[in-house]
Amino acid sequence: MTVQDKIAMPRPSLGFWLRNQMRNVAPFATLLCLVVFFSLASPSFATADNLANILTQISVTGIMAVGLTFVILCGEIDLSVAAVANATGIAVAYFTSQEAYVSIANIPLPGWAAIILALIGAGVLGLVNALGLTLIGIPSFIMTLAMMQIAAGVSAMLVRGQIAYAVPDIVTTIGSGSIHGVPWIVVLLACFLIVGHVVLTYTRFGRYVYMVGGNREAAEYSGVNTKVILGAVLVISGVCSGVAGMAGVAHFGSAQQNEFDTYLLDSIAAVVVGGTSLFGGRGSIGNTIVGLCVLGVLNNGLDHVQIDSFLKILIRGLILLAALVINVYAQRLRDTAAVRGEV
Amino acid sequence: MPTPLLEMIGITKSFGGVQALKGVDFALQAGEIHGLVGENGAGKSTMMKIIAGVHSGYGGRMTIEGREVNFRSARDALAAGIGMVHQELSIVPDLSVAENVFLGKQPIGAVGQVRWSTMVREAGEQLRKLGLDVDPRTRIGSLPIGLQQLIELARVLFSGARIIILDEPTSALSPPEVEQLFSVLRALKREGRSTIFISHFLDDILRVSDAVTVFRNGRKVADSAVSTIDKGWVIEQMIGVGHDDLEESYTGAIPLAAKPSAPVVMAARNLGASRFFRDVSFDIRAGEILGIYGFMGCGQVELARTLFGKIAPDHGTLVLEGTPRRLRNTAAAKGAGIAFVPESRRSMLFHHEPVYKNASIAILDRISRLWLKPMREREITQVQIGALNIRPPRADALLGSLSGGNQQKVALAKWLTHPPKVLVLSEPTRGMDVGAKDDVVRIVRSLRDQGLAVVVVSTEPETVLSLADRILVMKKGAIAREFADGSISKDRLLEAA
């Protein structure tokens, strides 16, 4: 044992630091490379207007990704974010009076009531996920996969194949208005990122999220009610998706089925590309911001360069793959370091 | 004496500077059941893993029927007729009995299809030869554990093993299952096959074996035919009389200091949990250390988890300060004033977080409501670092960079800022060096003196003997004996287990 005690003494070195920081450094380096590349490749990329474009384009994804960051930090996943967003967006339109030619049997309510009802709906869907995971013990992957279908079903029942255009005024403003030239939707995203960051970093709940994700067994043996934490993150994810859905519907100008289908992959990718560990316990809103920017720059930049539009999809896939490789590789480095520390 | 079937001469083996075997001789005759005993870490398992080809790179010679062999893998050993049944079974629970017996070598037909009927028929024959009446198409996971073990044994036999090594085969078995196993072993003996039987249960060893070899501290200290010895002799050999090692060997009597006057803090009444343990009743008083000793798999580990609300009991009640309580989860247990340190550091610590986050997690609800107070956490941790002599003395050091003993202290520290009423410790000194062990013993005793009720659960006699004021011995899921007053010695403790 004494021999091993010596081995286990801390040896801080550059290599050690780099290994530890790999999941933070790699996404940032990726972002820099992409920005430099697109700036050189296209004169229209590095402009103030385009920056505003990118920020607007990542807003809906970003609000969803804030909730997902909580879930993924706990080592779970929520596959229902996009479907819940869609259902919430449709719900808020359902409770708003529509033009006569939109023949859905909707129930017009005052704007505030529509918003509150829609948000409660999103929270309830998140709560069903939470109960499935914690009380029944359904793995979150399966539970939220079912919820994806359920939320899609709710959307279908509410709009019945039609397209609704009207949403409460305040939602319209947030979705497509701007203040001093800054789109409201970007302001909303910034608020969510800041609140998410503060909750994760400075509150007791945030600490529990990291601890439950880092080592669930140890959290449990420390008397932490892990089920409450796991349930809470899924409810948070549901509510974030709901807000993203309402803002998105207003931003797109219409509420219809399958409107958010691409947002599931994008929001998960933003969190993971940013370097938050899929195994839980490691990562932050800061990582998610970098991930969002990587995705935003990539999606936007590919439109600025002359490239086969079908090839773009492939390139996006390859970059996501690279990010996943880095994520898993960083986890492995961390695990080997842990084994050495454990001796 | 005829040439032994298996002979090992002067076997040495070390792991990273620690010598696990120091020149061991061992001989196994054909048609012999050979018991192998010794305390944890005496070298029994290392020796058997060398025989079974799991460990290579050892010193010394191994011969089978006089021919020298040198196995590079378990596959080599199996080819030479040596099979091992490990304590953790390697069956596939969701496959049928027949598939498990034929695992890895299913009979294949002309176009590569599995020949199910052949497989089922032959597996059935094989099992009947062992006196097992099981439908080979049954899912193996649905069978009792004893039967699963025998089926794994059947698989080893089916692969043609002449030497079968059984590691702790009886610990999870009920008495009739043990009988069944023994009758199988006797049948194998009549066929001329040999068995090496490793166990902590000396009664079992003495009942079925022809000969016994005793290991202590990486050496073979004695061997004998079973007909000429008794349990007392075996225990004497295991513990040793000449203490050449650093640790106290507890051969002398140790006084027990029970305090019958203090109030009962926690009481268990007929507590039972599925197949882990049953009918466990005891009282723990304030200012008392209750030791619960038992071999691996005797239920004391699960009992400790039940006291902390991790495993729900399905019988009996847990009474805390006079009130029956049902602990729904670990958070409820913590709220009721119970603290728990599990045996594995991995399952109680966060290796990538600094020491202070590890030390504060259990009391976070007391020092902050909404907002974290990291400086306060560090202060609290610094106090514990001083009190428990944790090295390096930095609250910001990453936990993973600490040595094992210091990590163990951090695990204790997390409960000590707001001391609980009952502290449950599982294997509190496992794998620690002497200095760290002494620190832990000192800390636990001082907690007791402050009025805590402490439960220490261990498979190491020394741990229980050095700490406990009162000792319960668990045997196969039930309390076999209580040592409450007077004195206790290691041989009496082992005798009771």
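These legends walk through a few views of a predicted model. Residues are numbered from 1 along each chain as its sequence is written, while chains are lettered from A and ligands numbered from 1 in the order in which they are written. Local features need pLDDT of at least 70, side-chain atom pairs count only at pLDDT 80 or more, totals for chains, interfaces and linings use all residues, and side-chain values use heavy atoms, with hydrogens and water left out.

**View 1. The overall build of chain A.** Look for 14 helices and 2 strands in chain A; helices (H or I, at least four residues) and strands (E, at least two) are DSSP runs, numbered from the N terminus. Along the principal axes, the C-alpha atoms of chain A fill a box of roughly 80 × 55 × 35 Å.

View 2. Of the 343 residues of chain A, 51% count as buried, where buried means under 20% relative accessible area, exposed over 50%, and partly exposed in between (1.4 Å probe, protein chains only). Contact means heavy atoms within 4.5 Å. Among contacts in chain A between residues at least 6 apart in sequence, 77% join residues at least 24 apart.

View 3. Gln237(B) sits in helix H8 of chain B, which covers residues 231-239. Is this residue buried or exposed? Gln237(B) is buried, because its relative accessible area is 18%. Setting aside neighbours within four places in sequence, Gln237(B) touches Val214(B), Arg216(B), Val221(B) and Ala222(B).
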